[in-house]
Amino acid sequence: MRRWAALCVGVGLLAGCAAKPGPSPTAPSSAAASAVPAPASSVPPAGPLGTAAYQAELTRIDQVLAGPASRLTRVRTAEGLSDAMNTLAETFNTVSVRLAAIKVSSRLDAAHSLLQVRIGVAATQLTGLADETEDDARCGGVAYTSQNVQRQLRTNLGSALTLLQQLKLTFGTTLPNPGPAPKEMRPDSGDVLVRRGPDGTGQLKITNGTAKDVAVSIVTDGQPPGRPQVMIYLRATKATTVKEIGGAYHLYFKSGTDWDADNRKFRADCAFKKFDQTFGRNQGWQVNLQPMRGGNADTTEVEAY
């Protein structure tokens, strides 16, 4: 998971400085992916192929892709999603070798060449983003993250599919299609997402000096971070003040992209932190969520909440 730099309290009420984030938990590795299937025949047909013969090849390749592609829709864990992406990438590489050995007529040459390029792009991205996507699945949910992978796959192949369609050729029929992405509901800066419990006289000014949006949770001492007294959304580089905080509390914050309004969490690029000290009751505090020389607070990475 991508790590935030140290965060510091911006007032002189605390001693010491320089946040020391704890180690990020390492996900257990899963079993190796199953063997990648090969096209029905390892010997390419004699070319150059016309439209009908080339369509037959594309249909066979679609059948090869069917199993690995459908795994994306059946995964239930973050590790399983990463494995499915790597397996599909290997299958694309196998298909790419097969396509490279095929000769087509001049009418089909541009589409054939573009398909090979776009399959290579899809394979490279599936492999390169597997670990990052595994992290996103832990915070944003496996099903939602898998659907994003499926959409990106269709985007990577889109120009090749369009050109093939113009030639009355069909390809990609076995690739999953989750439909358009849901519209992002990004709150305004300073929006209060949760407010519960008795009011008090505590006050907290929060400055988000970073380039990412955050959701800051004021959690009453003794309560879990998933049950905050106040949760407030703060966009990148913005500031806000929370008043009438009741009792002593701890300060948690999570950052990321693609906000899930229903579950009050980020779906991608997530990080979760906590200030180490307890904030005293009925006091005024000021924090700046930004690396700072001479700052005076430590933070620790925490589990997703």
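This is a predicted model: local features need pLDDT of at least 70, side-chain atom pairs count only at pLDDT 80 or more; totals for chains, interfaces and linings use all residues.

Trainee: Which residues of H1 meet which residues of H5?

Mentor: Tyr-54, Leu-58, Leu-72 and Thr-73 in H1 are in contact with Ser-146, Val-149, Gln-150 and Leu-164 in H5. By class, the residues of this contact are 5 nonpolar, 3 polar and no charged (Ala, Val, Leu, Ile, Met, Phe, Trp, Tyr, Cys and Pro count as nonpolar, Asp, Glu, Lys and Arg as charged, and the others, Gly among them, as polar).

Trainee: And at what angle do H1 and H5 pack?

Mentor: The angle between H1 (residues 51-74) and H5 (residues 142-166) is about 170°, and their axes are 12 Å apart. Axes are lines fitted to C-alpha atoms, for helices over the stretch in contact, and angles run from 0 to 180 degrees between N-to-C directions. H1 and H5 are therefore roughly antiparallel (over 145 degrees; under 35 is roughly parallel, 65 to 115 roughly perpendicular and the rest oblique).

Trainee: Where does H1 bend?

Mentor: H1 bends by about 40° at Ala-66, with Pro-68 following within four residues. The bend is the angle between axes fitted to the seven residues ending at a position and the seven starting there.

Trainee: What covers the buried residues of H1?

Mentor: The cover includes helix H2 (78-100), helix H3 (109-128) and H5. Among the buried residues of H1 are Ile-61, Leu-65 and Pro-68, as well as Glu-57 and Asp-62. Buried means under 20% relative accessible area, exposed over 50%, partly exposed in between (1.4 Å probe, protein chains only).

Trainee: New topic: is Thr-133 buried or exposed?

Mentor: Thr-133 is buried, because its relative accessible area is 9%. Thr-133 belongs to helix H4 (residues 130-140) and touches Leu-81, Met-85, Thr-145 and Val-149, leaving aside residues up to four places away in sequence. Val-149 also takes part in the contact of H1 with H5.

Trainee: Then what does Arg-186 touch?

Mentor: Arg-186 touches Asp-213, Tyr-233 and Arg-235, again without residues up to four places away in sequence. Arg-186 sits in the loop between H5 and strand S2 (192-195) and is partly exposed, at 39% relative accessibility.

Methods
Residues are numbered from 1 along each chain as its sequence is written. Side-chain values use heavy atoms; hydrogens and water are left out. Helices (H or I, at least four residues) and strands (E, at least two) are DSSP runs, numbered from the N terminus. Contact means heavy atoms within 4.5 Å.
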